[in-house]
Amino acid sequence: MKPTLLITGANRGIGLEFTRQYLHDGAQVIACCRQPESADALQQLAQQFPQQLELVGLDLSHPEQIPALADYLGERKLDLLISNAGIYGPKGLPLGHYQAGPFAEIMQINVLAPLLLVQALRPNFAQGAKIALLSSKMGSMDDNGSGGAYFYRASKAALNAIGKSLANDLAAQAHPVALLHPGWVQTEMGGPNAFISALTSVEGMRKVLDQLTLANTGRFLNYDGSEIPW
Ligand SMILES: NC(=O)c1ccc[n+]([C@@H]2O[C@H](COP(=O)([O-])OP(=O)(O)OC[C@H]3O[C@@H](n4cnc5c(N)ncnc54)[C@H](OP(=O)(O)O)[C@@H]3O)[C@@H](O)[C@H]2O)c1
């Protein structure tokens with residue numbers, strides 16, 4: 001039987017590419033985004049794959065929408081949850097110019113929302129369901145040779161901590177968890193100078209997810225499957 005997966009931030013970038021590739025593979029995809037009615041690329045895919053794609057509104061800056069999503073799903077089971085939505089926050093801001101303002105929102109979307117999502121959807125996980133959390137090498141202490149990007153780095157480091165605890169806590173129910181670095185990807189967030197296309201990134205991450213088991217749960221993995229130091 002083809003798997004059912006739920007993905008956040010499915011309307012563009014890496015999330016849209018995950019949606020596209022899994023649909024072409026025959027999966028059932030529950031694609032969450034803030035405004036399904038104006039998500040043109042997803043609407044086109046919905047016409048192409050009417051039996052497989054379902055669009056659901058989800059704005060992660062409203063945490064109450066997360067348990068509402070679980071209510072909407074009811075008894076339905078998920079084989080894969082991809083927590084993909086994320087924001088970068090202030091770009092290129094030098095030390096001396098940081099202000100409190102955007103910090104809470106970044107932590108809300110990049111850290112708290114993935115935790116609340118896994119927590120709320122846990123009853124919907126099918127036997128052996130897998131969880132993928134889109135992290136970033138920017139959250140690695142070891143890899144930080146250039147400084148800056150304080151809020152984004154902090155958010156992805158915190159997400160890694162959450163992913164590690166989830167991996168430990170969900171092992172008993174046989175749900176493996178991966179913290180994935182997608183590479184530097186040509187999306188709105190990655191910009192046009194990024195190294196790889198969303199297609200290459202997602203093809204790689206799908207292979208990594210195919211190989212995700214309890215034996216390698218809780219690892220921080222690059223899109224090519226190599227391990228990233230914390
Ligand atoms: N691109 C890279 O090089 C790169 C590198 C490392 C890690 N990542 C990570 O990979 C993931 C996807 O990145 P991307 O490059 O595809 O980014 P992107 O092109 O900027 O897309 C971000 C996605 O997140 C959604 N989103 C933002 N705020 C949201 C909210 N409040 N509620 C629901 N959805 C929200 C966006 O929806 P809207 O269209 O409604 O804003 C969009 O679908 C992120 O977690 C990112 O941190 C990316």
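This is a predicted model: local features need pLDDT of at least 70, side-chain atom pairs count only at pLDDT 80 or more; totals for chains, interfaces and linings use all residues.
Residues are numbered from 1 along each chain as its sequence is written, and side-chain values use heavy atoms, with hydrogens and water left out.

**Exercise 1.** Work out how helix 1 and helix 2 are oriented, and which residues make their contact.

*Solution.* Start by finding helix 1 at residues 13-24 and helix 2 at residues 40-48. Helices here are DSSP runs (H or I, at least four residues), and strands are too (E, at least two), numbered from the N terminus. Next, take the axes, which are lines fitted to C-alpha atoms over the stretch in contact, with angles from 0 to 180 degrees between N-to-C directions. They come within 11 Å and cross at roughly 5 degrees. That makes the two helices roughly parallel, a label for angles under 35 degrees. Now for the contact (heavy atoms within 4.5 Å): helix 1 brings Leu16, Thr19, Arg20, Leu23 and His24, while helix 2 brings Ala41, Leu42, Leu45 and Gln48. Last, sort these residues: five are nonpolar, three polar and one charged. Ala, Val, Leu, Ile, Met, Phe, Trp, Tyr, Cys and Pro count as nonpolar, Asp, Glu, Lys and Arg as charged, and the others, Gly among them, as polar.

**Exercise 2.** Describe the largest pocket: its volume, and what lines it.

*Solution.* A pocket is an open set of points on a 1 Å grid over the protein atoms alone, where a 1.4 Å probe fits, with protein on both sides within 12 Å along at least five of seven lines; lining residues have an atom within 4 Å of a point. The volume, meaning the space filled by probe spheres set on the points, is about 1,200 Å³. Then look at the lining: 46 residues, with Asn84, Gly86, Ile87, Thr187 and Met189 nearest the centre. Helix 1 gives the most, three residues. By type, the lining splits into 19 nonpolar, 18 polar and nine charged.

**Exercise 3.** Find the partner of arginine 12 in a salt bridge, and say where the two sit.

*Solution.* A salt bridge needs a side-chain nitrogen of Lys or Arg within 4 Å of a carboxyl oxygen of Asp or Glu. The structure holds five. Arginine 12 pairs with glutamate 188, and their closest N and O atoms are 3.4 Å apart. Arginine 12 is in the loop between strand 1 (4-7) and helix 1, while glutamate 188 is in the loop between strand 6 (177-181) and helix 6. The pair links distant parts of the chain, 176 residues apart.

Definitions and conventions:
Angles under 35 degrees count as roughly parallel, over 145 as roughly antiparallel, 65 to 115 as roughly perpendicular and the rest as oblique.
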